[in-house]
Amino acid sequence: MLKVVLDSNILISSLLPSKLVPIREALKLAKFTLVSSPPIFNELLEVVNRPKIASIIDPEAKSRLIELIRENALFVSPPKNPTIIINDDPSDDHFLHAAKTAKANFIVSGDKHLTELKSYAEIPIISAKEFLAKLSLLK
């Protein structure tokens, strides 16, 4: 089973009418194991509850996704790690360290701070489009 770290922007986009809905569907169908950590999950909760975001997503879909993550994600507690993304967005380090701790197969992100790295600890950092293509190969 693939272990995958999904950036918050990917999870939130999967709640909108977008090309990323199949990622949420694949998560529901356990096509991959979502890797998370307390800082990643807390960031997701904070972002989906921002008034601007909360006003455009379906509250029921949001609740189902949060419950799905709570019940099914592989939560890891990475040790104190060195800072990778220093100036632009140090919170992105949480995704990198969780992936390394879980020995994830992929980090999926639309965030340029992450995608510009291309990989971390030999874990590819790929776009949602690339991940969807990989999921279709798993059928």
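This is a predicted model: local features need pLDDT of at least 70, side-chain atom pairs count only at pLDDT 80 or more; totals for chains, interfaces and linings use all residues.
**Exercise 1. The sheet**

In what order do the 6 strands of the open sheet stand, and what is the pairing?

Residues are numbered from 1 along each chain as its sequence is written, and side-chain values use heavy atoms, with hydrogens and water left out.

*Solution.* 
- Step 1. Helices (H or I, at least four residues) and strands (E, at least two) are DSSP runs, numbered from the N terminus. Two strands pair if DSSP finds at least two bridges between them.
- Step 2. Read the order: β3-β2-β1-β4-β6-β5. The sheet is open and its pairing is mixed.
- Step 3. Find the edges. They are β3 (74-75) and β5 (119-120). Each has a single partner strand, so one side of each is left without a neighbour in the sheet.

**Exercise 2. Bridges, strand by strand**

*Solution.* 
- Step 1. β2 and β3 pair in the parallel sense over 2 bridges. Valine 35 has leucine 74 of β3 as its bridge partner.
- Step 2. β1 and β2 also run parallel, joined by 3 bridges. Here valine 35 of β2 is the partner of valine 5.
- Step 3. β4 and β6 are parallel, with 2 bridges.
- Step 4. Serine 119 is bridged to proline 124 of β6, and tyrosine 120 to isoleucine 123.
- Step 5. Look at the link. β5 and β6 form a hairpin with 2 residues between them. In the turn, alanine 121 has a positive phi of about 50°.

**Exercise 3. The whole chain**

How many helices and strands does the protein chain have?

*Solution.* 
- Step 1. Count: 8 helices and 6 strands.
- Step 2. Along the sequence, the pattern is β-α-α-β-α-α-α-β-α-β-α-β-β-α.
- Step 3. Take the radius of gyration (over C-alpha atoms) and the globule rule (2.2 Å times the number of residues to the power 0.38). The chain has a radius of gyration of 14 Å, close to the 14 Å that the rule gives for 139 residues, so it is as compact as a globular protein of that length.
- Step 4. Box the C-alpha atoms along the principal axes. They fill roughly 40 × 35 × 25 Å.

**Exercise 4. Helix α2 and its two partners**

*Solution.* 
- Step 1. Two packed helices are described by the angle between their axes and the distance between the axes. Axes are lines fitted to C-alpha atoms, for helices over the stretch in contact, and angles run from 0 to 180 degrees between N-to-C directions.
- Step 2. The axes of α2 (residues 21-28) and α5 (residues 59-72) come within 11 Å and cross at roughly 45°. The two are therefore oblique to each other (under 35 degrees counts as roughly parallel, over 145 as roughly antiparallel, 65 to 115 as roughly perpendicular, the rest as oblique).
- Step 3. α2 passes α5 in a left-handed crossing (the near helix is turned anticlockwise from the far one by less than a right angle; clockwise is right-handed).
- Step 4. Arg24, Leu27 and Lys28 of α2 meet Ala61, Leu65 and Leu68 of α5. By class, that contact has 4 nonpolar, no polar and 2 charged residues (Ala, Val, Leu, Ile, Met, Phe, Trp, Tyr, Cys and Pro are nonpolar, Asp, Glu, Lys and Arg charged, the others, Gly among them, polar).
- Step 5. α2 and α8 (residues 128-137) pack at about 45°, with axes 10 Å apart. That makes α2 oblique to α8. The crossing is left-handed.
- Step 6. Pro22, Ile23 and Ala26 of α2 make contact (heavy atoms within 4.5 Å) with Ala128, Phe131, Leu132 and Leu135 of α8. The classes here are 7 nonpolar, no polar and no charged.

**Exercise 5. Helices α3 and α6**

At what angle do helix α3 and helix α6 pack?

*Solution.* 
- Step 1. α3 (residues 38-48) and α6 (residues 93-102) pack at about 140°, with axes 9 Å apart. They are therefore oblique to each other.
- Step 2. The α3 and α6 crossing is left-handed. Its contact residues are Pro39, Ile40 and Glu43 of α3 and His94, Phe95 and Ala98 of α6.
- Step 3. Sort the contact of α3 with α6 by class: 4 nonpolar, 1 polar and 1 charged.
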